[in-house]
Structures are given as structure tokens and as C-alpha cells.
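This briefing is meant to be read beside the sequence and the 3D view. Please keep both open and look for each residue as it is named.

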Amino acid sequence: MMANHNKIIKYTIIGLTFLIISIFYTFLFAPHGSIHLLDSYDLLFHWNRIDSLGNILKSPTNFDYWNHVGNFTNMFYPWLTILPGYLIYKLVGTPLLGFLIFLTLITFLTMVSAYYFMNKWAHNTLQSLLFAIIYTLSFFRLASVFYRVGVAEYLSYIFMPMVFYAAAKLLAGEFESWPILALGMSLIILTHPLTAVTVIIIMLPLPILILFNKISYHWQYWGELLVNGAKAIFLVIITSVGFFLPMIEQKRALQINRPALLDLAQTAQSPYLLFKNSLHTDIRSYSLGIIAIVALILIVLFVWQDKFSYRIVAIEAIIAMILSTKIFPWSSLQNTPLNYLQFPWRFLNIANFFLAIYLSHILVKIVQKFSAIVKLMTLLTVMTACVLQVYMSAQQLFQQTQPLAIITSQNINRQIHEFNQLDYYPQKSLPYSKQIKHHLFLVDGVKTKLNYQTTPDIYQVKYYNKKSATLDLPILFYKGVHATINNVTVPAHSSHRGTVQIQTQSGVNNIEISYQYTVLAKVALAISCFSLISLTLIVSEHKWQLLKKLRKVY
């Protein structure tokens, strides 16, 4: 009874600590209750994604958003894990406050996830706390949150500890961990596919590195590893089809404008500048940060005599760092699908992840024979150093960067609804993007303005003409379009502008345009939903059985 009481007190203190840090983090992000867009308008992009999810189960687009042109962004960018953001927005009634609460929740859950999975792996409270703080307050994550505002990317960081914990257990011969690996990897894919690509790449060396451990000296080990690894891969694929199949279907039907194609060799970091910039507090440099450099120095000093598992951690950190720089021959991969990565420095978050593991491990190793007071002082010192790094970097960022826009509670709704971006437009629409943005209709090829109304599901326009005419509406054409005139379905085609084109009738035309999921998309979404629920139940059942075994032991 007393043990349970002590556990409740312990986890309450840990939870409150994480919550206070998360609130402070959000306060630094928006100290005056307004949000500064510093690097790009990406936050408006993500605001539209989140705020437009009200009808996502019924239609892949929401005509009240994306400047009312029917952009299919939510078909090409996974939306499952941002649904809590939508619910928070609607609960508090304003996107600005809703986003700040959502950011606080993301930071809190990142710390909880890091603590939970490190504790399951290392079975050490101090190491788990140190890792959670160092990882969540890392320099690169700070740049992703404060400067780039890459919501999906830093949201995916919640699931990284889960994936690498399960991978470590799998490689250590605990093959029953495969459902955790499948669930974690699926959640990363359904949050930010590019982060999933970096995670998959960084996991590729692991089967080779495990060859240097005696556990791999048996054929039975490799047979079990292959079988359970294949099960994890199969479940990941099945769980992800709800995102990939509808997207592929659209891309096969239309040529879609992809996000910007950048030169990987140019955007990769210079090794010298990466190290130099890490010694400063300017997060615009996208570097590792001073605390990560300390971890790197400790690797050099301690790794030679360390346990095999931590040698793997050190090697993975170094591989991730190399992949973020020009040392790796990125130019040879420029004409491959990997050019979707855009910035090789995305690997720096994984480098920070492994460096945080190693730093927390070495700090615990150093103080393990000292008193509880010394261990507490170590935790407080690290926490103070990490918080100071965040505070100093945030202050420097806001002082040295002229904002592109300042979002306030007064202008946020206008900013969101007027936001327009060309990613995922039909390529045919790009030369006519200004016409579409300004809602110009074409009647028999002649530009005209018509009054229109939108609901989340329907774009409505009333048009009168004594004779039939070809009407080109400023709505992007995708597969799944449905058009009606006076409540009667009519054929809809893609115009030369890549927009919806119909043939009107003589007289009054009450026109309604809507989008529906195709049969393939509906089936794929159903499969993904069933698979995700099943996978979650498998993981929950496994955890319940493990708890029962532990109770029998103790």
C-alpha cells in the first residue's frame, strides 16, 4: 500500500515538472500572446490543415479553407495525429489559444514518451528524467518549434522513443516487442512521412551492427528476427494504406505539384559550420547545440569501455550527424525519391535523440555511487542548463529576426481563411494560380466574377444565362469531384486551368460542387482504421500480460 502511495507521489511530481516546463516552453514561444512567423508561413499551412478537419471523414477537402479553392492538401498530408489539435481548437473556440494549448500538450507528451520508454529500457528513474529533458528541450527541436514551426515534424518526435525502444528490444532477442515497433512506426508515418524516411534510413545499419554481438551467433536468432520484423513491416504497410493508396490514386489520375525540389548537396550542412554554429545559441543555423556537443565529447571519452548497447547508440548518433552534412554524397541521390527530404539536416533530430540517450547514460554512470542529493543536484543542473538554452535561444531569435507576419487573436481568422499555397495543386493550374486565387470564373473562355458561397462540403454558385455555356469554376479539379445543377448530377471535367469545368443549362443554374472519397480511398481508410485499432489492442494486450507476469514475480 505504501509502495503504491509513493509511486503516486513520484509520478505526480514528475508529471507536474513536465507540465511546468511545457507551459514555460509555450510561454517563450508566444510571450505576448501573439505568434511571430519568422521563417515562413508554414504555421498558417498547418492551421488550415488542423482547422479544416471538421468534415474530413466525409470529404477530403473543406471549402471554407485553403482560400475556398478546394485544395486537397489533407489527401497528400496525413492528418490522423493532428485530430486532437482540431478538438482543442473547437473546445477553446479560438485557433490561437487552441494552438498554444496543443503545443503545450505536444511538448508534455514528448517528455512523457521519452521518460516512459527510457525507463522501460534502462530501468533508471534519473536517466529517464535526464533523457526526457535533454531530448525534448534539444536545440534542433527548438528550431523546429520556434523558427520553422514544423508542427507535423515535431509532433512525430513523440513517437521516436517508442520506435527505437521496440527496435532495441527486438534486436536484443525480445521478439514480442514487434507490435510496439509497428505501432510507433505507423504513427510516425501517419504524422510526418519525411521523418519516417529518416528513421527508416537510420535503422538500416542496426542489423549489421548487431553482428558484433554474440546474441546474433545463432541461426535461430536470425530466423526469429526476420519473422517478427516481417510481421512489423506488414502491419506498418497495412496501417498506412489509408494514406498512401488515396494519394497514389490521385497522382496517377493527375500531375500534382509537389513541395519545392531543393538541391540536397546544397542544403546539407558543412561539418565545420555545423560544429561552429553548435557553440552559439542561434537556432536559425539548424545545428546541434552546446549540450549535444558535450554529449559528443563524452562519447569520445567513454565509448571505448562502454556496454555494447551504448556503443550502438554512439555509432547511430555519429551516422545521423554524417547524414546531415556534405560528407555524405547527397548529390548522387538528387534524382531519386529521396529528394523529397529537401533538407538533410532533418537527421539532426535523430542525432540529438541518440546524443541525449548517451549523455543521460554517462551522467548517471558518473553519479551512480554518490548520494541522492548529488543525483538530485545533477538533475537540477541539467534541467537548468536545458531551460537556459531554450530561453537564451528564444530571446536571441525574436531580437534578431524580423517577422514575416504577427498573428494575433484579432487577425487570426482572416489570416487562416485567406491563406493560399500552391503545394498539391494540379500542375495544369500553376500558370493560372493568380486567376484561381482571385476567384475568376471563365464563361466560354471569358473572365468574369460571380458570387459564390461555401460550406465545409459544398461550393455553391448561382449562374444565369439565356443559353448553355461552358463554365470554368475557380475550384481545383481532383478525382472524386461531384457537380450538380438544380440538384441534378452533371459531368465535371478538368479544364485547361486544371479546374472544374461543367456545361451549364439555359436559364437559372443553381450549381453545387463537392468532393467525395473514391471507392479505393474508402476501402483503404477502412483497412487502415481496422489495422490501427487491432495493433493498438495487440500492444495493450501484450502490456497487460507483461504486468501480470511481473506481479507473479514480485
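Arg414 has a relative accessibility of 46% and therefore counts as partly exposed, in a model that is predicted. The side chain of Arg414 takes part in a salt bridge with Glu418, where the closest N and O atoms lie 3.8 Å apart. Because the two residues are four positions apart in helix H20 (residues 412-418), Arg414 and Glu418 are separated by about one helical turn.

**Salt bridges**

- The structure holds ten salt bridges, and some of them share partners, joining Arg148, Glu153 and Arg346 into one network.
- Another pair is Asp51 with Lys90, for which the closest N and O atoms are 3.5 Å apart; since Asp51 belongs to helix H2 (residues 42-51) and Lys90 to helix H4 (residues 83-92), this pair ties together parts that are 39 residues apart in sequence.

- The protein is divided into domain 1, made up of 1-410 + 524-552, and domain 2, which covers 427-517; the centres of domain 1 and domain 2, taken over C-alpha atoms, are separated by 42 Å.
- To the contact, domain 1 gives 26 residues and domain 2 gives 23 residues.
- The size of an interface is often given as the accessible area lost when the parts come together.
- For domain 1 and domain 2 the buried area is about 2,100 Å², and carbon and sulfur atoms give 59% of that area.
- Of the area that domain 1 buries against domain 2, Phe63, His68 and Val69 supply 28%, which is more than any other three residues.
- Two salt bridges are found across the interface of domain 1 and domain 2, and the count of residue pairs in polar contact between these domains is 14.
- On the side of domain 1 that touches domain 2, helix H3 (73-76) and helix H13 (219-253) each supply at least two residues, and the largest share, three residues, comes from H13.
- Sorted by class, the side of domain 1 that touches domain 2 has twelve nonpolar, eleven polar and three charged residues.

**A covered helix**

- Helix H7 (residues 139-148) is mostly covered, for ten of its ten residues are buried.
- The buried residues of H7 include Phe139, Phe140, Leu142, Phe146 and Tyr147, and also Arg141, Ser144 and Arg148.
- Arg148, buried in H7, is one of the residues in the salt-bridge network with Glu153 and Arg346.
- After H7 comes Val149, whose phi is positive, near 50°.

Technical notes
Residues numbered from 1 in each chain as written. Predicted model: local features only at pLDDT ≥ 70, side-chain atom pairs only at ≥ 80, totals over all residues. Heavy atoms only, no water. Domains from an automatic or database assignment. Contact = heavy atoms within 4.5 Å. Buried area = accessible area lost by both parts, 1.4 Å probe. Salt bridge = Lys/Arg side-chain N within 4 Å of Asp/Glu carboxyl O. Polar contact = N/O pair within 3.5 Å; in protein donor to acceptor, adjacent residues only side chain to side chain. Nonpolar A, V, L, I, M, F, W, Y, C, P; charged D, E, K, R; others polar. Buried < 20%, exposed > 50% of the residue type's maximum accessible area, 1.4 Å probe, protein only.
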